[in-house]
Amino acid sequence: MTGIMMAMMNNVASASVTPVSSGLELYYDPSNPTSYPGSGSTLFDLSPSGVNASLVGSPVDAGNYFTFTGGGAQNLITGNLVGLYSGWQHTLELWIRPTTQCQIFSDCGIAAIAGGYHATGTEFYSAGPFTISNAMLWNGTAVTRVGGGSTPINNWYQYVLVFNGSNTAYAYVNKVKSSPETTITWTPPSPGWYLIFGAIDTTNFATSVPFKGDIGIIRLYNRVLSQAEITQNYNADKAKYGLS
């Protein structure tokens, strides 16, 4: 069987799988014209919540994703998410391709990284000869690492952060659970909750570099997704990003 035929079969298989919808509270997909029509500064939410995001500084529309050139002037800022959740239990799924060691996004209490609550949510940083990724949560005094592993830059990843609403968090990388569960008492953002992609956050673990690379699908659920559900989402969208 030729490589072209195999790729076609993989695309058909991916198209037959639909993302998990139960508990879906936020869903941006740059490849879907309903979410991004190809111009403008609004990224429309495909979930029932209707919480749209703003594109600041004109990140480049590359079809299935947006490209950020670094420098911190290009941001993707969600609307206020604070009213969507009960008990703060959530699963956050990102499709990302960092092209340098950098911060990916921050959890913020207002729609800007300035004053009040702000803490980096994911970083790709150097650890000896490796590039390590870690999801982060703010425990009130410091950023705590949650999950992660050896994740070379310039590759696409389905990155998933899970918080059970009580005291446990963990992460998945390309549908694989990347570490044991971490005990943490997360201090939720206030007075609102915004996800800000692209900016530099001084509250970080290791990297004071703004995001540079590509951002594709973003989903947020108000519950803990299972391993099978995360795999379902991976299979639904892997062909968009050249993964198998």
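User: What does Asp-29 form a salt bridge with?
Analyst: In this predicted model, Asp-29 pairs with Lys-240 in a salt bridge, and their closest N and O atoms are 2.8 Å apart.

User: Where in the chain do the two sit?
Analyst: The pair links distant parts of the chain, 211 residues apart. Asp-29 lies in the loop between strand 1 (24-28) and strand 2 (42-43), and Lys-240 lies in the segment after helix 2 (227-237).

User: Is Asp-29 buried or exposed?
Analyst: Asp-29 has a relative accessible area of 3%, so it counts as buried. Lys-240 is partly exposed, at 28%.

User: Which residues are linked with Asp-29 in a network of salt bridges?
Analyst: Glu-93, Arg-219, Asp-237 and Lys-240 are in the network with Asp-29.

User: Switching topic. How many salt bridges does a search of the whole structure find?
Analyst: Seven. One of them joins the side chains of Arg-223 and Glu-229, with an N to O distance of 2.6 Å.

User: Are Arg-223 and Glu-229 buried or exposed?
Analyst: Both Arg-223 and Glu-229 are buried.

User: And Lys-177, what does its side chain meet in a salt bridge?
Analyst: The side chain of Glu-181, at 3.1 Å from N to O.

User: What is the relative accessibility of Lys-177?
Analyst: Lys-177 is at 33%, so it counts as partly exposed. Glu-181 is partly exposed too, with a relative accessible area of 48%; the cut-off for exposed is over 50%.

How values were computed. Residues are numbered from 1 along each chain as its sequence is written. This is a predicted model: local features need pLDDT of at least 70, side-chain atom pairs count only at pLDDT 80 or more; totals for chains, interfaces and linings use all residues. Side-chain values use heavy atoms; hydrogens and water are left out. A salt bridge is a side-chain nitrogen of Lys or Arg within 4 Å of a carboxyl oxygen of Asp or Glu. Helices (H or I, at least four residues) and strands (E, at least two) are DSSP runs, numbered from the N terminus. Buried means under 20% relative accessible area, exposed over 50%, partly exposed in between (1.4 Å probe, protein chains only).
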